[in-house]
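Here is a structure to read through in questions and answers. Have the chain in view and follow along.

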Amino acid sequence: MPGQLKRDVQQANLLLARYGLVTLTWGNVSGIDRLKGRIVIKPSGVDYDVMTADDMVVVDLDGRVVDGHLRPSSDTPTHVELYKAFPNVGGIVHTHSTYATIFAQACREIPCLGTTHADHFSGPVPVTRFLTAEEVHAGYERETGKIIIERMAGLDPSSMPAVLVAGHAPFVWGKSAAEAVRNSLILERVAEMALGSFQLKPDVPAIPSHIQEKHYQRKHGPKAYYGQDKA
């Protein structure tokens, strides 16, 4: 397995701690090599302060360990399901970041209340249903992936790179592990702003759809003009 992806995933995991998105070991990042069908993911329960690139675990698209001396994250089956369902995703993040998790525990989507949200997420950030008892017994982590996929039906994972799992916490993705971490940080800030807005004005409305669309398209649309041209 190329060492570069292990290093990239390790560095992305360290960013979770640097950005204050994780407490203790409550979070994980993975990345995928689509050509080889291999996923690199954080090992389960290993502290960020001591985690090395060699500690990263490699699994196949059935979740079987093919390289590594530690057990992979317990959330590995969720990551596997998402990679199989979303072919353009290159990295996935799961955290229990405070504000996004507040919305997940309240089973409430994060509405688009302002342009900060609209710049990065095309519409309200969705929330799943709860797992049934049968689904939990059938395979909790795998079924978590499946209800995320169910909730994302009709949505574009590229323009809505996040979902809140009811009663649980967010899963976020991107084209790479680093981009997934970036999207996770943005989600947390958007959730914090939304909660503060509701505290000031409980009936605060979403911003008008034409403003939402303008802000998203100017960054991500075919005629995007935010930032500099890429050489």
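Buried means under 20% relative accessible area, exposed over 50%, and partly exposed in between, with a 1.4 Å probe and protein chains only. The model is predicted: local features need pLDDT of at least 70, side-chain atom pairs count only at pLDDT 80 or more, and totals for chains, interfaces and linings use all residues. Residues are numbered from 1 along each chain as its sequence is written, and side-chain values use heavy atoms, with hydrogens and water left out.

Q: Is Ile207 buried or exposed?
A: Ile207 sits in the loop between helix 6 and helix 7 (209-220). Contact means heavy atoms within 4.5 Å. Not counting residues up to four places away in sequence, Ile207 touches Cys112, Leu113, Gly114, Thr115, Ala118 and Gln212. Its relative accessibility is 16%, so Ile207 counts as buried.

Q: What separates the C-alpha atoms of Ile207 and Arg151?
A: Along the chain, the two residues are 56 residues apart.

Q: What pattern does the protein chain follow along the sequence?
A: Helices (H or I, at least four residues) and strands (E, at least two) are DSSP runs, numbered from the N terminus. The chain has seven helices and seven strands. Read in order, the pattern is α-β-β-β-β-α-β-α-α-α-β-β-α-α.

Q: Why is the protein chain as compact as a globular protein of that length?
A: The radius of gyration is taken over C-alpha atoms, and the globule rule is 2.2 Å times the number of residues to the power 0.38. For 231 residues the rule gives 17 Å. The chain is as compact as a globular protein of that length because its own radius of gyration is close to that, at 17 Å.

Q: What share of the residues counts as buried?
A: The protein chain has 231 residues. Its C-alpha atoms fill a box of roughly 50 × 50 × 35 Å along the principal axes. The buried share is 48%.

Q: What share of the accessible surface belongs to carbon and sulfur atoms?
A: Accessible areas come from the Shrake-Rupley method with a 1.4 Å probe; for residues, only the protein chains shown count as cover. The surface of the chain comes to about 11,500 Å². Carbon and sulfur atoms hold 52%.

Q: Is Lys6 buried or exposed?
A: Lys6 is in helix 1 (residues 3-18). Leaving aside neighbours within four places in sequence, Lys6 is in contact with Val40, Ala53, Met56, Val58 and Asp67. Its relative accessibility is 11%, so Lys6 counts as buried.

Q: What is the phi of Leu24?
A: Most residues other than glycine have a negative phi. Leu24 lies in the loop between helix 1 and strand 1 (27-33), and is exposed, with a relative accessible area of 61%. Leu24 is not a glycine, yet its phi is positive, about 50 degrees.

Q: What is the phi of Cys107?
A: Cys107 is placed in the loop between helix 3 and helix 4 (115-118). At 33% relative accessibility, Cys107 counts as partly exposed. Its phi is positive in a residue other than glycine, near 55 degrees.

Q: Is Pro87 buried or exposed?
A: Pro87 is found in the loop between helix 2 (76-85) and strand 5 (91-95). Its relative accessibility is 57%, so Pro87 counts as exposed.
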